[in-house]
Amino acid sequence: MTAIGSDFLHPALGFFALALILPFLPGRWWRWVLPLPAVLALASVMTMSQGMFGEVRWMGFDLVLGRADRLSIIFAHVFAIQALLGFIYAFHLREKGQHVAAALYVGGAFGCVFAGDYLTLFVFWEVMSVASTMLIWFNRENAKAVGAGFRYFLFHTLGGLLLLGGLLLR
């Protein structure tokens, strides 16, 4: 595979940026910012070519933040369209915490799809785990959400530990 040029934008970046700045946006117009990362991700995925990008050396590991092939690009199209529809559907939610958790979840999903090595996959998997649990816990209308979120987190943590175990055996 060839390296992708520096003009490539990882689809997860917009969602992580949204999660970072959303708590600080004042007023009620912040909802109109929600679909922007999904639109940017869709544009990024539509112009994406196959290859590797974001290679970083950290603590003796060669991390690849992005590896785009035909299959990952197909899944990224699905995730980008789903994120756009999801954030438009969620306009009625007033609690910013739900949108922050959703943005982290989608960013983690994009990170998993484009992970170029197992350690990067594990990190993005855990971001998805915590964010999806927070999405369940933010459902304060249902008293059973706390217990369901805890069980979900246990299953996700078990899956992450099994993934980590498999990575260590490799």
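Figure 1. H99 is found in helix α4, helices being DSSP runs (H or I, at least four residues) numbered from the N terminus. The model is predicted: local features need pLDDT of at least 70 and side-chain atom pairs count only at pLDDT 80 or more, whereas totals for chains, interfaces and linings use all residues. Residues are numbered from 1 along each chain as its sequence is written, and side-chain values use heavy atoms, with hydrogens and water left out. H99 is buried, at a relative accessible area of 2% (buried means under 20%, exposed over 50% and partly exposed in between, for a 1.4 Å probe and protein chains only). Not counting residues up to four places away in sequence, H99 touches L22, W30, L34, F87, A90 and L93 (contact: heavy atoms within 4.5 Å).

**Figure 2. The largest nonpolar core.** A nonpolar core is a set of buried Ala, Val, Leu, Ile, Met, Phe, Trp, Tyr and Cys residues joined through side-chain atoms within 4.5 Å. Among the 25 residues of the largest one, F15, F87, F110 and F114 touch the most other members. Two or more residues each come from α1 (12-21), α2 (36-46), α3 (70-89) and α4 (96-114), and α4 gives the most, with 7 residues. Leaving aside residues up to four places away in sequence, F110 touches H10, P11, A12, F15, A41, V45, A76, F79 and A80.

**Figure 3. Aromatic pairs.** Rings of Phe, Tyr and Trp (its six-membered ring) pair if their centres lie within 6.5 Å; planes under 30 degrees apart count as stacked, over 60 as edge-to-face and the rest as tilted. The count by this rule comes to 7 aromatic pairs. The ring centres of F16 and F124 are 6.2 Å apart and the planes lie at 10 degrees, so this pair is stacked. The pair links distant parts of the chain, with F16 in helix α1 and F124 in helix α5 (residues 118-137), 108 residues apart. F16 counts as partly exposed at 25% relative accessibility, whereas F124 is buried at 13%. One aromatic cluster is formed by F15, F75, F79, F87 and F110.

**Figure 4. The largest cavity.** A cavity is a set of points, on a 1 Å grid over the protein atoms alone, where a 1.4 Å probe fits but cannot get out; lining residues have an atom within 4 Å of a point. The structure holds 1 cavity of 30 Å³ or more, and about 40 Å³ of space lies in the largest cavity, a volume being the space filled by probe spheres set on the points. L9, H10, P11, G14, P37, L40, A41 and S44 line the largest cavity, and α2 supplies the largest share of this lining, 4 residues.

How values were computed:
1 Å grid on protein atoms, 1.4 Å probe; cavity = no way out; pocket = protein on both sides within 12 Å on 5 of 7 lines; lining within 4 Å.
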